[in-house]
Amino acid sequence: MWEQTGYDVRLDWGGEGVAALGRECAVLVVVDVLSFSTTTDLVVGRGGRVLPVRWRDERGVAQARAAGAVIAGEGAFTLRPSSVTEIPPGTLLALPSPNGATLCDAAAATGARVLAGCLRNASAVAAKAHELGGPVGLVAAGERWGVNMFGRGDTFGPLRPCVEDQMGAGAIAAALARHGLSLSPEAALAARSVDVTALASCVSGRELTEAGHGGDVGLAARLDVSDAAPVLNEGVLA
């Protein structure tokens, strides 16, 4: 029941969703619109690569540095989409995040093929997921209560579903339906919820805008402007 068996395209939330969908789905698409998946799309779209790193994983950061990666947050490049719009082609960017990057690692552990999707690349990711073969599980990252992005403290808390990831997963679901794939009720409901004008006024959008990062919201709210379909191979999205 929890795997939404019988449908080509399924949707669930967070790490628990990865565990449930990963038992049956051949492909898992991690959707973290604000901001991991959007930043990844921009990097890959410019010919770069992204190495997802679990949040506050010092060993993971050390391994990324040893592999020659540029560490987001240690220089000009950060988790913010606007920081990577001019990233040089060929850059390997290690991108720690509490949601998207952490979920990519968990999704890879299930044995499924893993993609990173957002509003910008929804149709491109859907086409790639369809090519790889299903079933396809859409993992809306959501937010975590109690996680402070800008300080120390908890790295994990209860899940808070969020508008932006519902929309991102919904845009990918809608694109997969256009390929003739059947949607679970969860995925179908998300597909009907895509309204990019709501991104700026939802809680996450307002939070970023009030912190002076409205440009990041604008970059994330663009639908189907990218042909990038980042696929995780040997721990790297490209």
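Helix 5 (residues 122–132) and helix 6 (residues 163–178) cross at roughly 55°, and their axes come within 8 Å. That makes helix 5 oblique to helix 6. This is a predicted model.

**Helix 5 and helix 6**
- The crossing of helix 5 past helix 6 is right-handed.
- On the helix 5 side, the contact uses Ala122, Ser123, Val125, Ala126, Ala129 and His130.
- Helix 6 meets them with Ala171, Ile172, Ala175, Leu176 and Arg178.
- By class, this contact between helix 5 and helix 6 has 8 nonpolar, 2 polar and 1 charged residues.

**Helix 1 and helix 4**
- Helix 1 (residues 14–21) packs with helix 4 (residues 100–108) at an angle of about 20°, and their axes are 10 Å apart.
- Angles under 35 degrees count as roughly parallel, so helix 1 is roughly parallel to helix 4.
- Helix 1 and helix 4 also make a right-handed crossing.
- Gly14, Gly15 and Val18 of helix 1 touch Leu103, Ala106 and Ala107 of helix 4.
- The residues of this contact are 4 nonpolar and 2 polar, with no charged ones.

**The second largest pocket**
- The second largest pocket holds about 260 Å³ of space.
- Its lining has 14 residues.
- Which of them lie nearest the centre of the pocket? They are Pro52, Val53, Arg54, Asp57 and Asp105.
- Strand 3 (49–54), helix 3 (58–66) and helix 4 each give at least two residues to the lining.
- The lining divides into 7 nonpolar, 3 polar and 4 charged residues.

Notes. Residues numbered from 1 in each chain as written. Predicted model: local features only at pLDDT ≥ 70, side-chain atom pairs only at ≥ 80, totals over all residues. Heavy atoms only, no water. Axes fitted to C-alpha atoms, helices over the stretch in contact; angles between N-to-C directions. Helix = DSSP H or I, 4+ residues; strand = E, 2+ residues; numbered from the N terminus. Parallel < 35°, antiparallel > 145°, perpendicular 65-115°, else oblique. Left-handed = near helix turned anticlockwise from the far one by under 90°. Contact = heavy atoms within 4.5 Å. Nonpolar A, V, L, I, M, F, W, Y, C, P; charged D, E, K, R; others polar. 1 Å grid on protein atoms, 1.4 Å probe; cavity = no way out; pocket = protein on both sides within 12 Å on 5 of 7 lines; lining within 4 Å. Points joined across faces, edges and corners; volume = space filled by probe spheres on them.
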